[in-house]
Structures are given as C-alpha cells and as structure tokens.
Amino acid sequence: MADPAHIRDDFPILDREVDGEPLVYLDNAATTQTPTQVYDVFREYYEEYNANIHRGIHGLSHEASVAYEEAHERIAEFVGASGGLEEIVFTKNATEAVNIVAYGMGMQEFGPGDNVVVTEMEHHASLVTWQQVARRTGAEIRYVRVDEEGHLDMEHAAELIDDDTRMLSVAHVSNVLGTVNPVAELADLAHDHGALVFLDGAQSVPNRPVDVDDLDVDFLAFSGHKMCGPTGIGALYGKRHLLEEMEPYLYGGEMIRKVTFEESTWEDLPWKFEAGTPPIAEGIALAAAADYLDGIGMEAVAAHENELAQYAMDRLAERDDVAVYGVPRGEERSGLVAFNVDGVHGHDLSSVLNDHGIAVRAGDHCTQPLHDRLDVPGSVRASFYVYNTEREVDALIDALEGARERRDELVASDRFHDRFA
Ligand code: PMP
C-alpha cells in the first residue's frame, strides 16, 4: 500500500501554503506534482549532458541520444509493449498522440461507409479529433451510451461496432465518472469485426497497471504531466506493423532517412513520427517518473486512489446537498470524484475551497457532451494521487460546510445554470 506520509517528503511543493492555508492539492487528474527524483534527472541533463541528439558524434550528443533512446525503452516496458522502443513515439501530450493516428491513418484511409466508434464519456482530446476525421472523410461517428451509473452500455457497443467500423476509441478511465472501462472485452468486440482499438490512457497509465499486450489494444495515448513527469511530454504506443504502415503527421528534420529535391524517405520507428528536435530532457525525465511510480508499485497506486475515492464518496454521502456523478459508492473507481453542491455554481465553490488552500477543478473537464448527458452545466472534481491523505479529504468536506454557510450569498450570484468551462 502506498504510504503518503513517506511519499510526501518527495514533493516539496506539498509543504507550501496558499494565502496562509496549507495547500491541499486535489487537482491531480489535471496535472500531478513532480517528485525531486524526477526533476533531479531533468536538472542533471541540463547540468551534465545537454545537447541535441542523433545528429552529433560528440560526447554530449552521444550521451543525450543514448539516454533519450533508453527512455523510450523504459516507457515501452512501463506499458508492457513487447516491441520496445520502436513502438513508443514521444509526443507533446496525449492529445498529440491521438492526432498522430487521426492524421496518419484516419484522414488518409477512412471514407464514406466506414464508421468510427467512440463513447459518450470521451475527453475532447479524442472526441473532437475523431469527429474531425469523420467530418473530413465522410465516415460516420457513433457514440456508445453511458448509463446512469457511469458505465458503458456494452449492449449498445455491440450494436454499434460492425464490419464497417475502422476504429474504436475509448478512454480506459473516465476523467469525470471514475469508471474503469472493460477494455479487453471491448478490444475483443472490435477485433472480431476487424476494427482497431485506440485506448486513451491519460487517466489510467498514471494510476493503475496498464499492459498493452495483455489488453491487446492497437494504440495507447498518455501524458507525462499526469504521472509525476514534466509537462511537454506524452507518448503514443502503437503496434509496430501499424506504425510502419502509417503516414507521418509532421514532416521535417530528424524524421527523414534520405532527402532529394524530388522526394524523401522516412527514418525507422519511432523517429519517423518525431520530427524536429524532440523533448529530450522531458523524455528522459518521463522515464524517471516511470521508475518513481514502479518504486511505489502501480497496484499500490491504484489501491490507494480507490481507497481515497471511496472515503470521499462516503464523506460526500453524509451531505444531502451534494450530487456525485459516476460509478456508485462501493464499486471500484479511479481516484477522482466529480460532484455539485445544490444551488452553488462550481466556480464559486472552487473559489471558496481555494480560500481554504484546497485546489480542485470546476468546469466541464473537456467533456462537454458528457455533461450535457448528465444534464448539468459542469462539475467540481476532486482528484487524488499517491501523496493524498484521508485528512485532506476531511479538509475538503469541512470546507464544503463553509460553502453551505455562504450559500445565500453564493446563490445570489444567480449563475448556477451557466455553463462553467
Ligand atoms: N484524455 C483524458 C481522459 C484526459 O483526462 C486528458 C487530460 N485532461 C486528456 C485525454 C488530454 O491530456 P493532455 O491535455 O495532456 O493532452
């Protein structure tokens, strides 16, 4: 089991105050904090071997190239990609990873008569991107329903996925509902019809063991900044033969093998998809983040988050003015809880919480269609990570009491039904 008391020592930022109140950081589904072990690696890169990779034969460039390549290997291992470095493309974030496949495959190959199946709980990163693929290619986009308890309607999924489905794109874990989707089952369903599976792992890779070979997904996207790594780095996993067949999405230096005035050929995987100078320090630090998380153990991370989420659900259930969304109390969920307090606008609520040093997020969390489906203008989301404690959940609940006391004043703002993006 993760031991936050010990882990917190690795995160100096958690000792800071916000307007005189100790920071209670519950915005981890947006971005996690970074442990010293990770930014030490970042600093070491700049202090000792900062250089551009692959082009130079000088010592620093060689060291940077080796470290950058090893970082790909490490990330392959972290997500169970048996093909190693060739199956891991470093990107700016999860969003870019989706776009690489959307442009490199969807926009090139899909057309009228084809369909792409996504779910109602998708983040805009994939929903908007596949919507554009459909719009530009004439393919149809289909949405798998989410039921009242935040589960995918699997019968509906089975109805929607047919022999014309080219891609099923699904979030492993919902960033609002806490749902952990049955990926292996969905992958079987899609593969039975010859469709590919794109897994959005932005909320799962940081929070639970993910093994692409076991799950048998064709692509996986995730971001470093949600898993103790730096911003500006994410990754795309793709099965080797698919990446080999796919067109690059960005062109330029680093991704070519031979260029003439007439034509160009592409580098081997994964470099074909990493045009220009890549995020070298960030990639190396991402591998350090994987080391850090494996040091705790991904099973322990998941168990800790689930435990805190259950505790938060129990505490929120004590209140009669709180609506919680997603999977019911007692059922496994990822470490986040989205809710609303009756009659209080989410921005007002998060502002009251901020007065207590508590960082949460209020808005649609890049899932506007899902919030339309829930019939609420937005929600407040508390999300937990390895360093959070039950005491911090208690602080959240106590601060909600403060919001209740100020409700008349807050309701007076009369904007509860305004969308809060
Ligand atoms: N998918 C999901 C489920 C997410 O929660 C997020 C981040 N909010 C993303 C994709 C996109 O991540 P990024 O903004 O780092 O590209």
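Which residues come nearest the ligand?

View 1. Asn93, Thr95, Asn175, Ala202 and Ser223 come nearest, out of 13 residues around the ligand; a residue counts as near if its C-beta atom, placed from the backbone, lies within 6 Å. The shell has five nonpolar, seven polar and one charged residue. Here Ala, Val, Leu, Ile, Met, Phe, Trp, Tyr, Cys and Pro are nonpolar, Asp, Glu, Lys and Arg are charged, and the others, Gly among them, are polar. Please keep in mind that this is a predicted model: local features need pLDDT of at least 70, side-chain atom pairs count only at pLDDT 80 or more, and totals for chains, interfaces and linings use all residues. Numbering starts from 1 along each chain as its sequence is written.

**View 2. The open sheet.** Seven strands line up as E4-E10-E9-E8-E7-E5-E6 in a mixed, open sheet. Strands (E, at least two residues) are DSSP runs numbered from the N terminus, and two of them pair if DSSP finds at least two bridges between them.

**View 3. Strands E9 and E10 side by side.** Five bridges join strand E9 (residues 219-223) to strand E10 (residues 234-238) in the antiparallel sense. Look for Leu220, which stands opposite Tyr237 in E10.

**View 4. Into the interior.** Buried residues make up 51% of the 421 residues in the protein; buried means that 20 or more other C-beta atoms, placed from the backbone, lie within 10 Å of the residue's own.

Note on methods:
A residue is buried if 20 or more other C-beta atoms lie within 10 Å of its own, exposed if 12 or fewer, and partly exposed in between; C-beta atoms are placed from the backbone. Helices (H or I, at least four residues) and strands (E, at least two) are DSSP runs, numbered from the N terminus.
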